[in-house]
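Please consult the sequence and the structure shown here while reading.

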Amino acid sequence: MSAVSTVFQQLRQHGKKALMPFLTAGDPNLEFTEEVIQLLSEEGCALLELGFPYSDPIADGPVIQASYTRALRSGVKVDAVFDTVARVVPKVATPIVGMVSYAIVLRRGLQRFVEAARSSGLAGLIVPDLPVEESSELRAVCDEADLDLIQLITPTTPRPRAIEIAQKSRGFIYYVSVAGITGERSELPATVVENVAWLRQQTDLPICVGFGVSRPEHARMVAQVADGVIVGSAFVRRISEAATRPKEEVLRELQQFARSLLSALDTAPQSLSQRD
């Protein structure tokens, strides 16, 4: 059983839901990223998603795009991200999955990239610009390395295709709550609960909801049906202030924000959350 699957099995046994913050590697520098990973792991985040900075993201909103730009301008390279993961993984109990554009994987070569990811200690990969129809080669390489290849389903994904994606995903399914790009929203569409409840009936894989999830009330709403929430821009926006505010102040704010989300997940109604 993979590290990601083990986490969800333990969460289900204890009736808990996963909080998965997204962080951009190297924003504002890799030392700070390492520090934030350790902080959020100690706070009880079940998983962490670490984004490889990329100059041309297709699904990320302005907050995460700006974080990529800052990281790239500071000289962050793919190998340095792997080195950071390798340093921090032995210090934390939280599995880390990498979010990476397929262009980066392809440029290095599938086998080499996956071997480096596995050697660094990454537990899985999310490749948002790789359609399921074109994912068989990378999936085979990941399977061979026992690395979870996590696939995305959106509100506009036709249901037969959603079932196909669920069948080919490993670790968990990343359900995108809104059509469009990442970013904080004041409200999530009510249909997210209905859509995830339907998906719940199609698969035993854990389902985590991301895109737009940025407030404790969002986490509480989504946790009715999902196994976890992925929160990106709300964390990245706070981290962006590290360049202009005292580091300890930013870390304290991240800690408090994580605690508010974890508390919301712990108090969410769970009547729809487990597949009978």
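The model is predicted, and the description begins with helix α12, which comprises residues 247–266. With 20 residues at 1.5 Å a residue, α12 should span 28 Å, and the 29 Å between its end C-alpha atoms agrees with this expectation. The buried residues of α12 are Val250, Leu251, Leu254, Phe257, Ala258, Leu261, Leu262, Ala264 and Leu265. Viewed down the helix axis, these buried residues fall within an arc of 160°, so they line one face of α12. In an α-helix there are 3.6 residues a turn, so residues three or four places apart point the same way.

Two packed helices are described by the angle between their axes and the distance between the axes. For α2 and α12 the angle is about 35°, and the axes lie 10 Å apart. The crossing of α2 past α12 is right-handed. On the α2 side, the contact is made by Phe32, Glu35, Val36, Leu39, Leu40 and Glu43. On the α12 side, Lys247, Glu248, Val250, Leu251, Leu254, Gln255, Ala258, Arg259 and Leu262 take part. By type, the residues of this contact comprise 9 nonpolar, 1 polar and 5 charged. Among the α12 residues in the contact, Val250, Leu251, Leu254, Ala258 and Leu262 also belong to the buried set of the helix.

**Helix α9**

Helix α9 spans residues 191–200. Its buried residues are Val192, Val193, Asn195, Val196, Leu199 and Arg200. These residues cover an arc of only 170° around the axis, which puts them on the same side of α9. They are covered by elements that include the helices α1 (3–13), α8 (159–168) and α10, and the strands β6 (152–153), β7 (173–176) and β8.

Leaving aside neighbours within four places in sequence, asparagine 195 is in contact with Pro155, Arg159 and Tyr175. Valine 193 is likewise buried, at 16% relative accessibility. Apart from residues up to four places away in sequence, valine 193 touches Met221, Gln224 and Val225.

**Backbone features**

Most residues other than glycine have a negative phi, and most peptide bonds are trans.

The peptide bond from aspartate 27 to proline 28 is cis, with omega near 0°. Proline 28 is located in the loop between β1 and α2.

Aspartate 146 has a positive phi, near 55°. It lies in the loop between α7 (136–144) and β5 (148–150). Is aspartate 146 buried or partly exposed? Its relative accessibility of 33% makes aspartate 146 partly exposed.

Phenylalanine 211 also has a positive phi, of about 75°, although it is not a glycine. Its position is in the loop between β8 (207–210) and α10. At a relative accessible area of 9%, phenylalanine 211 is buried.

**Loop residues and separations**

Serine 74 sits in the loop between α3 (62–73) and α4 (78–88). With 45% relative accessibility, serine 74 counts as partly exposed. Residues up to four places away in sequence not being counted, serine 74 touches Gly26 and Pro28.

Glycine 15 belongs to the loop between α1 and β1. Its relative accessible area is 29%, and glycine 15 is partly exposed.

| Residue pair | Separation in sequence | C-alpha separation |
|---|---|---|
| Serine 74 and arginine 220 | 146 residues | 37 Å |
| Glycine 15 and arginine 73 | 58 residues | 43 Å |
| Valine 193 and leucine 147 | 46 residues | 29 Å |

Definitions and conventions: Residues are numbered from 1 along each chain as its sequence is written. This is a predicted model: local features need pLDDT of at least 70, side-chain atom pairs count only at pLDDT 80 or more; totals for chains, interfaces and linings use all residues. Side-chain values use heavy atoms; hydrogens and water are left out. Helices (H or I, at least four residues) and strands (E, at least two) are DSSP runs, numbered from the N terminus. The expected span of a helix is 1.5 Å times one less than its number of residues. Buried means under 20% relative accessible area, exposed over 50%, partly exposed in between (1.4 Å probe, protein chains only). The arc is that of the directions from the helix axis to the C-beta atoms. Axes are lines fitted to C-alpha atoms, for helices over the stretch in contact, and angles run from 0 to 180 degrees between N-to-C directions. A crossing is left-handed if the near helix is turned anticlockwise from the far one by less than a right angle, and right-handed if clockwise. Contact means heavy atoms within 4.5 Å. Ala, Val, Leu, Ile, Met, Phe, Trp, Tyr, Cys and Pro count as nonpolar, Asp, Glu, Lys and Arg as charged, and the others, Gly among them, as polar.
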